[in-house]
Amino acid sequence: MIKNIVVIGILSLAVVSCKKKTAATDISSSNDSIVISKAIEEDTYKPVDTICSNEYRSEDYIKSLEWYQKKIKIDIAQNKPEQNNKLYLDHFKIRTKYTECLNVIHSNILDDYINYHTGFDSPPDLPDNVKKIAAELKKVNLEFRELGEGVTEIETIPSYYSSIFKGKVTPDFETYISGKDREGKENYAVDAGLLITWEELGERVIFWENFIKKYPNSSLIKKVKDDYNTYLSDYLFGMDKTSTYERYGKQPGKLYDENREEFNRIIKKYPNSNVSKKAKELMILFDAGTPVEQIHKLINVD
């Protein structure tokens, strides 16, 4: 009788143990299915085309940007610096195109953005729908950027690219990315008018001049030279609404005092630089009463 009870007890324990094991297996299997399904979902997701289309909504572009942000962090960790150089260029191009599409979609908001200010120097008082969009943009490191003169655009938050690629690319690319992110913190110009100071512009010219000297064989050199020439031209001659000289009719032009003072500053600080050489030539030509059109030709910026 006792033997029978013991046998029955052992069998009962075996059944319970078996049930627990089966249940645990079922749970594990269920969890595995969830993981697999998520992986499949991520693998099968396809970002929208970078060509702007009425078929896509703002949410579609945001989701695509989120997907690329996650993907690039994985790819960077597996790549060599030279591979990440190309990854940066591709990522920048994709983000730029998506951002252009978002600017088109939200053009009405951008046009009205200046009206959200309740005072001259007050921050914008955004409606709830615009706050929601701003929050979505922030998820993918984008923001509403007021450029001045009533112009607002959606742009990448400054320092975004540095935060991802710092220490992951070759030295020339890291210098380039950090320089661009630093410049992105300030609005450069709007509606043919310079927004930064002449001194700040002079320092930008020097920065890119030094880049060209240090990395003459960089794959970025053409892009950098184009930027450098634009900055140098703006520094020496100004823009339509912020010129470096005054001119009356056909009379010879006259350099503004503040620009002459800035040219002398940069000549003293960077005497061996190309921009200093150009600034000296420019002042001599203006002082000699050379026609402005001729000065533009003689001071070859390209």
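User: In terms of relative accessible area, is Arg145 buried or exposed?
Analyst: The model is predicted, and in it Arg145 has a computed relative accessible area of 9%. Because the cut-off for a buried residue is under 20%, Arg145 counts as buried.

User: With which residue does the side chain of Arg145 meet in a salt bridge?
Analyst: The rule asks for a side-chain nitrogen of Lys or Arg within 4 Å of a carboxyl oxygen of Asp or Glu, and the N to O distance given for this pair is 4.0 Å.

User: Which parts of the chain does the salt bridge between Asp287 and Arg260 link?
Analyst: The closest N and O atoms of Asp287 and Arg260 are 2.8 Å apart, and the two residues are 27 residues apart in the chain, so that the pair links distant parts of it. Asp287 counts as exposed at 54% relative accessibility, while Arg260 is partly exposed at 24%. Asp287 lies in helix H11 (residues 274-287) and Arg260 in helix H10 (residues 257-269), so the parts linked are H11 and H10.

User: Which residues do salt bridges that share partners join into one network?
Analyst: By the distance rule, the count of salt bridges comes to 16. Where such bridges share partners, they join into one network Glu203, Glu262, Arg265 and Lys269.

User: How many residues apart in helix H5 are Lys139 and Glu136?
Analyst: The side chains of Lys139 and Glu136 meet in a salt bridge with an N to O distance of 3.0 Å, and both residues are partly exposed, Lys139 at 47% and Glu136 at 30%. In an α-helix with 3.6 residues a turn, residues three or four places apart point the same way. Within helix H5 (residues 128-139) the separation of Lys139 and Glu136 is about one turn, that is, three residues.

User: What distance should helix H3 span at 1.5 Å a residue?
Analyst: Helix H3 covers residues 81-105, which gives 25 residues, and its buried residues include Leu87, Tyr88, Ile94 and Leu102.

User: Which residue just after H9 takes a positive phi?
Analyst: Helix H9 (residues 221-237) has 17 residues and reaches 24 Å from its first C-alpha to its last, close to the 24 Å expected. Among its buried residues are Val224, Tyr228, Leu232 and Phe237, and what covers the buried residues of H9 includes H7, H8, H10 and H11. Just after H9, a positive phi of about 85° is taken by Gly238.

User: How are H7 and H8 oriented to each other, roughly parallel or roughly antiparallel?
Analyst: The two helices pack with their axes 11 Å apart and at an angle of about 170°. Residues of H7 including Tyr176 and Arg182 meet residues of H8 including Phe207 and Trp208, and by class the contact has four nonpolar, two polar and five charged residues. Because angles over 145 degrees count as roughly antiparallel, the orientation of H7 and H8 is roughly antiparallel.

Definitions and conventions. Residues numbered from 1 in each chain as written. Predicted model: local features only at pLDDT ≥ 70, side-chain atom pairs only at ≥ 80, totals over all residues. Heavy atoms only, no water. Helix = DSSP H or I, 4+ residues; strand = E, 2+ residues; numbered from the N terminus. Expected span 1.5 Å × (residues − 1). Buried < 20%, exposed > 50% of the residue type's maximum accessible area, 1.4 Å probe, protein only. Contact = heavy atoms within 4.5 Å. Axes fitted to C-alpha atoms, helices over the stretch in contact; angles between N-to-C directions. Parallel < 35°, antiparallel > 145°, perpendicular 65-115°, else oblique. Nonpolar A, V, L, I, M, F, W, Y, C, P; charged D, E, K, R; others polar.
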